[in-house]
Amino acid sequence: MTLAAETRGFLSPAGVEIVFLLVGLVTLGAAVVTVTTRQLVHSALWLVATLGGLAVEYLLLTAEFIAWVQVLIYVGSVVVLLLFGLMLTRAPIGRSPDADSGNRPVALGVAVVSAGLLVTLVVDAFRSTWIDVSPARGTTDIMGAALFRHWVLPFEALSVLLLAALVGAIVLSRRTAPSADGAGEDR
């Protein structure tokens with residue numbers, strides 16, 4: 001009986017796992033609404049809920065530093081940049097017929113196949129692995145060392161990409177429509 005108490009099952013019914021699963025389901029629902037809504041501003045706001053749910057998942061995995069980075073950078077900065085881009089390009093606020101290309105069945109099929117393949121690969125790779133989350137593995141020194149040792153180039157490339165998107169949105173918003181005499185000019 002002591003051997004059974006020492007080994008843990010694949011899904012032990014501890015409170016952290018239950019909360020992790022519930023928050024994951026809510027995050028998945030918010031992600032689905034993010035990509036299925038036809039209103040761009042609502043989609044950006046549902047993205048805030050999705051990224052916030054991921055931050056809660058990081059907290060449950062005792063990666064506090066990554067959780068706060070998620071909140072500060074993604075929820076705070078990226079979503080605000082996305083909303084500014086929507087406003088600067090004068091994107092429609094309400095329902096947009098341009099937001100639907102009519103390929104929903106194909107996109108749904110690709111999403112289901114991709115998700116099934118991803119879940120199959122992850123379950124097969126980590127079938128018998130149990131990660132002990134009791135020691136804090138998401139501390140600042142461990143995450144900072146991993147970030148600046150292995151992920152500096154992708155991190156900087158992302159910042160350049162976001163800067164280019166912001167500059168592009170500003171350039172697109174500054175153009176004026178051609179006048180009646182055909183002499184439209186940039187401001």
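In this predicted model, Leu83 makes contact with Val41 and Ala44 once neighbours within four places in sequence are set aside. Leu83 belongs to helix H4. The C-alpha atoms of Leu83 and Ala44 lie 7.0 Å apart, although 39 residues separate the two in sequence.

These contacts form part of the pairing of helices H3 and H4, in which Val41 and Ala44 are among the H3 residues and Leu83 is among those of H4. The axes of H3 and H4 (residues 64-88) approach within 8 Å and cross at roughly 175 degrees. Because angles over 145 degrees count as roughly antiparallel, H3 is roughly antiparallel to H4. On the H3 side the contact includes Leu40, Leu47, Val48, Leu51, Gly52, Leu54, Ala55, Tyr58 and Leu59. The H4 side includes Glu64, Ile66, Ala67, Gln70, Val71, Tyr74, Val75, Val79, Leu82 and Leu86. By residue class, the contact of H3 with H4 comprises 19 nonpolar residues, two polar and one charged.

Helix H3 also holds Glu57. With a relative accessible area of 9%, Glu57 falls under the 20% limit and is therefore buried. Residues up to four places away in sequence not counted, Glu57 touches Phe20, Val23 and Gly24. Val23 is itself one of the buried residues of helix H2.

Helix H2 covers residues 15-36. At 1.5 Å a residue, its 22 residues should span 32 Å, and the C-alpha atoms at its ends are 32 Å apart, in agreement with that expectation. The buried residues of H2 are Val23, Thr27, Ala30 and Thr34. Viewed down the axis of H2, these buried residues fall within an arc of 60 degrees, so they line one face of the helix. An α-helix has 3.6 residues a turn, so residues three or four places apart point the same way. The buried residues of H2 pack against helix H3 (40-60). Leu21, Leu22, Leu28 and Val35, on the other side of H2, are exposed.

Helix H5, formed by residues 104-125, likewise has 22 residues. From its first C-alpha to its last, H5 reaches 31 Å, close to the 32 Å expected at 1.5 Å a residue. H5 is hardly covered, and the count of buried residues among its 22 residues is zero.

Definitions and conventions
Residues are numbered from 1 along each chain as its sequence is written. This is a predicted model: local features need pLDDT of at least 70, side-chain atom pairs count only at pLDDT 80 or more; totals for chains, interfaces and linings use all residues. Side-chain values use heavy atoms; hydrogens and water are left out. Helices (H or I, at least four residues) and strands (E, at least two) are DSSP runs, numbered from the N terminus. The expected span of a helix is 1.5 Å times one less than its number of residues. Buried means under 20% relative accessible area, exposed over 50%, partly exposed in between (1.4 Å probe, protein chains only). The arc is that of the directions from the helix axis to the C-beta atoms. Contact means heavy atoms within 4.5 Å. Axes are lines fitted to C-alpha atoms, for helices over the stretch in contact, and angles run from 0 to 180 degrees between N-to-C directions. Angles under 35 degrees count as roughly parallel, over 145 as roughly antiparallel, 65 to 115 as roughly perpendicular and the rest as oblique. Ala, Val, Leu, Ile, Met, Phe, Trp, Tyr, Cys and Pro count as nonpolar, Asp, Glu, Lys and Arg as charged, and the others, Gly among them, as polar.
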